[in-house]
Amino acid sequence: MATPKLAALTFDDGPTIGITDKVLDILQENHARASFFLIGQQITEETEYLVKRAHDMGCSIENHSLTHSSMPKLSREEITNEIEETSRRIETITGERPEFFRPPFIDYDQKMYDVIDLPFICAYGCEDWEPSVSTDERIRRVLDAARPGYMVLLHDMKDNLQTVEAIRTIIPRLQQQGYEFVNIRELFQRSNVTPQRNVIYMSVDEIR
C-alpha cells in the first residue's frame, strides 16, 4: 500500500454558527481532519459547541488572536493579552492549549516573534475571503498547488458558503490522488519536522 501524501486544511476566523457546522459535516463525511485557527472573541457560549465538536473529531484548535487586529501595531503587553486570552478560552473548552499561531492578515514582525511562544503558520491560500473569487476558482487554485506536506489557508467566516462548497470537491478529489487530510500537529509530527521559532511556515517544509 502506498504511503499517504499528507495535507492539512486550516480554517481561520471562526467559530461561526452556520458555516463551521457545515465544514465539520463535510470533514466528517470524508473521514478528514483539519485545524481551526480561532479568533478569541468569536468563542462564546453560543459557539462553544463548535469548538468542542471540532476537537472531538480530531481537529486541532489553534490561535488566531483575540480581536484580529494588525498585531505589529500593538504593544508587547497587548500582543501577550491577545494570545493568552484566546488560548485560555480554547483550553477551557478543549482541555488543551493551542500549539500554533496564525497572524491576522499575515502581518508579523520581530516583536511578535519575541513575545509569542508559538510557531507561526501562513499556508497556501486561494483568496477565499474575497467573494469575487468563485467556488470553481477556489477549487482550481487549491488543487493546482497541492503537494505532500501542503497546508491550505481557508476561512470559515460568516457567509463564506463558497468555501463550504469548494471543500465538498477538494477533499474527495485529493483523497482520490492519495492524500490524507490531517490536523496541523499531525502534519509536523508525521513529517518528522520540529516547528521552529522566528519563521513562518508556508508548508511543513517551506518557510518565508
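In helix H1, which spans residues 20-29, the residues Thr20, Asp21, Val23, Leu24, Ile26 and Leu27 are buried, where buried means under 20% relative accessible area, exposed over 50% and partly exposed in between, with a 1.4 Å probe and protein chains only. Helices (H or I, at least four residues) and strands (E, at least two) are DSSP runs, numbered from the N terminus. The cover over the buried residues of H1 includes strand E1 (5-12), strand E2 (35-38), H2 and H6. Just after H1, histidine 31 takes a positive phi of about 55°. An α-helix has 3.6 residues a turn, so residues three or four places apart point the same way.

This is a predicted model, in which local features need pLDDT of at least 70 and side-chain atom pairs count only at pLDDT 80 or more, while totals for chains, interfaces and linings use all residues. Residues are numbered from 1 along each chain as its sequence is written, and side-chain values use heavy atoms, with hydrogens and water left out.

One of the elements covering H1 is H2, and the axes of H1 and helix H2 (residues 48-56) come within 10 Å and cross at roughly 15°; axes are lines fitted to C-alpha atoms, for helices over the stretch in contact, and angles run from 0 to 180 degrees between N-to-C directions. H1 and H2 are therefore roughly parallel to each other, given that angles under 35 degrees count as roughly parallel, over 145 as roughly antiparallel, 65 to 115 as roughly perpendicular and the rest as oblique. H1 passes H2 in a left-handed crossing, a term used if the near helix is turned anticlockwise from the far one by less than a right angle, with right-handed used if clockwise. On the H1 side, Thr20, Asp21, Leu24, Asp25 and Gln28 meet Tyr49, Leu50, Arg53 and Ala54 of H2, a contact being heavy atoms within 4.5 Å. The residues of this contact comprise four nonpolar, two polar and three charged, where Ala, Val, Leu, Ile, Met, Phe, Trp, Tyr, Cys and Pro count as nonpolar, Asp, Glu, Lys and Arg as charged, and the others, Gly among them, as polar.

H5 passes H6 in a right-handed crossing. From H5 the contact draws on Thr135, Arg138, Ile139, Val142 and Leu143, and from H6 on residues including Ala166, Thr169, Ile170 and Arg173; by class, it has six nonpolar, four polar and three charged residues.

In helix H3 (residues 76-94) lies isoleucine 83, which is buried with a relative accessible area of 6%. Leaving aside residues up to four places away in sequence, isoleucine 83 touches Asn63, Met71, Phe101, Ile116 and Leu118. Its C-alpha is 5.4 Å from that of serine 65, although isoleucine 83 and serine 65 are 18 residues apart in sequence.

Turning to the strands, E4, E8 and E9 form an open sheet in the order E4-E8-E9 with mixed pairing, two strands being paired if DSSP finds at least two bridges between them. The edge strands, E4 (120-121) and E9 (206-207), each pair on one side only. E4 and E8 pair in the parallel sense over two bridges, and isoleucine 121 has tyrosine 201 of E8 as its bridge partner. Strand E8 (residues 200-203) pairs with E9 in the antiparallel sense, also over two bridges: tyrosine 201 is partnered with isoleucine 207, and serine 203 with glutamate 206. A hairpin joins E8 to E9 through two residues.
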